[in-house]
Amino acid sequence: MLMAANGIWRASAQSPARGTALPVGKTVRIKAPLGLPPVPIPADNPPTADSIALGRRLYYDPQLSVDGTISCASCHAPQFAFADEHPVSFGVSKKTGNRHAPTVINSAYNPLQFWDGRAPSLEEQAKGPMTNPVEMAHSLDGVVQRLQADPKYAALFRKAWGKDPIEIDLVAKSIASFERTVIAGDSPFDRFYYGHDEKALSPAAQRGLKIFLDPKKADCEVCHTIGKTSALFTDNKFHNLGVGADTRGNLNDVGRFSQTKNDADMGCFKTPTLRNLAHRAPYMHDGSFPTVKDALAHYIGGGNANDHLDKQIHALDFLTFDERNDLLQFLDALNGKLPANIGPPPDLAAAPVSAQKTTKTSAK
Ligand code: HEC
Ligand code: HEC
């Protein structure tokens with residue numbers, strides 16, 4: 001650290017201040033599969049094999065929660081495409097919030113995290129659940145103390161970051177680096193659209209793609225974007241589809257408005273990716289649609305009327321039943337393969353699941 005002339009402490013390159021620490025190992029390149037753009041990497045957190053491995057362990061470790069029962073994977077589980085099978089998740093002591101856990105898959109590409117965009121990065125996002133009273137209900141100091149007390153972690157932090165006293169920013173950075181490896185492309189759609197393999201998509205799914213793109217038909221692409229060389233299936237913007245609105249147009253959640261206080265953002269939520277959709281039911285910010293077909297039916301009906309319904313949302317009841325089926329076939333062709341080494345480390349494999357079971361049986 002250097003003392004700047006004006007008396008403010010500034011970080012020097014040799015000795016970065018808290019939060020600006022860089023991992024000590026060799027930076028690894030995360031290879032994006034077919035159909036995905038390069039993974040954005042923040043300058044102050046280049047991933048290394050050791051920081052990714054540490055982040056993977058932390059992601060699956062229920063020790064991050066106050067009572068040692070809930071890990072990130074309890075709500076973003078690999079068997080449910082890194083989302084939650086429940087409409088809203090169960091945190092410690094079976095507490096519930098009011099939003100559905102979105103998938104962690106491809107969250108590396110989100111310029112803003114959460115349904116309302118309230119976190120600017122994966123690093124910032126990762127600290128949220130640790131202190132959220134209905135999620136892990138811990139304190140950041142408590143997490144650091146818990147990890148510091150485990151000799152295994154002291155060694156792993158030293159290996160990845162060249163130091164242990166453990167710091168919460170290093171916990172968050174490690175988890176974020178792991179999350180940047182949880183990416184899925186190379187689906188049948190990608191092999192057809194970007195790989196030019198005509199056989200990769202069934203004729204029905206190919207028709208579904210045309211309907212998805214066609215401004216006169218379903219026009220889904222206006223928000224679930226497909227680019228020239230890659231597709232994230234999101235415009236990274238916030239829209240009001242009237243999900244959760246009652247018959248009088250009252251919304252169950254103000255969404256993006258909570259962050260901007262801008263009336264136009266009332267009831268708006270971030271457009272989610274549609275990749276690996278099939279394995280992560282239920283859908284939408286409140287998990288209110290049990291199947292993809294239910295989600296599609298919402299669009300067919302033109303969304304739920306409310307004062308802030310997005311102008312792009314209108315009834316699609318003119319689509320024939322064959323066209324609706326083609327659309328579903330297309331949405332089912334967006335399931336990409338995930339990398340092999342993103343599951344729980346062997347010694348933590350059973351932890352989140354058994355922790356959930358204990359919580360369930362202990363609750364009446
Ligand atoms: C008790 C359940 C629960 C736990 C535990 C949990 N999350 Fe979440 N996660 C959620 C919910 C619910 C949301 C959406 C909340 C919102 O948008 O307001 C979310 C949002 C996210 C997002 C944003 C994704 C996007 O598309 O915007 C990421 C990334 C994420 N969580 C990662 C993590 C990590 C990393 C951990 C562990 C440190 C974790 N979560 C722990 C339930 C959970
Ligand atoms: C105006 C922008 C917009 C258009 C057009 C649009 N979507 Fe969406 N989509 C969204 C937003 C925003 C959400 C999340 C809404 C919420 O949870 O309140 C969403 C959610 C979804 C989901 C749930 C995904 C998840 O992870 O929960 C599916 C499936 C979906 N859209 C499919 C479609 C299809 C199919 C079409 C075309 C018929 C379409 N969308 C058109 C913006 C749009």
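I count helices (H or I, at least four residues) and strands (E, at least two) as DSSP runs, numbered from the N terminus. This is a predicted model, where local features need pLDDT of at least 70, side-chain atom pairs count only at pLDDT 80 or more, and totals for chains, interfaces and linings use all residues. Residues are numbered from 1 along each chain as its sequence is written, while chains are lettered from A and ligands numbered from 1 in the order in which they are written.

**Entry: the domains**

I started with the overall layout. The bounds come from an automatic or database domain assignment. That assignment gives domain 1 as 19-184 + 340-362 and domain 2 as 188-331. Taken over C-alpha atoms, the centres of the two domains are 27 Å apart.

Next I looked at where they meet, taking two residues as in contact if their C-beta atoms, placed from the backbone, lie within 7 Å. I found 26 residues of domain 1 in contact with 28 residues of domain 2. On the domain 1 side, 15 are nonpolar, 8 polar and 3 charged. Here Ala, Val, Leu, Ile, Met, Phe, Trp, Tyr, Cys and Pro count as nonpolar, Asp, Glu, Lys and Arg as charged, and the others, Gly among them, as polar.

**Entry: ligand 1**

A residue is near a molecule if its C-beta atom, placed from the backbone, lies within 6 Å of it. Which residues come nearest to ligand 1? Of the 28 around it, they are Cys 72, Cys 75, Ser 89, Trp 115 and Pro 129. Helix H2 (72-75) and helix H3 (122-131) each supply at least two residues of this shell, and H3 gives the largest share, 5 residues. By class I noted 16 nonpolar, 9 polar and 3 charged.

**Entry: ligand 2**

Ligand 2 has 25 residues around it, with Cys 220, Cys 223, Val 243, Tyr 283 and His 285 nearest. Helix H10 (residues 292-300) gives the most to this shell, 4 residues. The classes are 18 nonpolar, 5 polar and 2 charged.

**Entry: the cores**

A nonpolar core is a set of buried Ala, Val, Leu, Ile, Met, Phe, Trp, Tyr and Cys residues joined through C-beta atoms within 7 Å. Buried means 20 or more other C-beta atoms within 10 Å of a residue's own, all placed from the backbone.

The largest core has 44 residues, and those with the most contacts inside it include Tyr 59, Phe 82 and Phe 157. Helix H6 (168-179) is among the elements that give two or more residues to this core, and H6 has the largest share, 6 residues. I also checked Phe 157, which touches Leu 54, Asp 164, Ile 166 and Leu 170, not counting residues up to four places away in sequence. A second, separate core of 30 residues includes Ile 211, Phe 233, Leu 241 and Leu 274.

Notes:
Buried ≥ 20, exposed ≤ 12 C-beta atoms within 10 Å, placed from the backbone.
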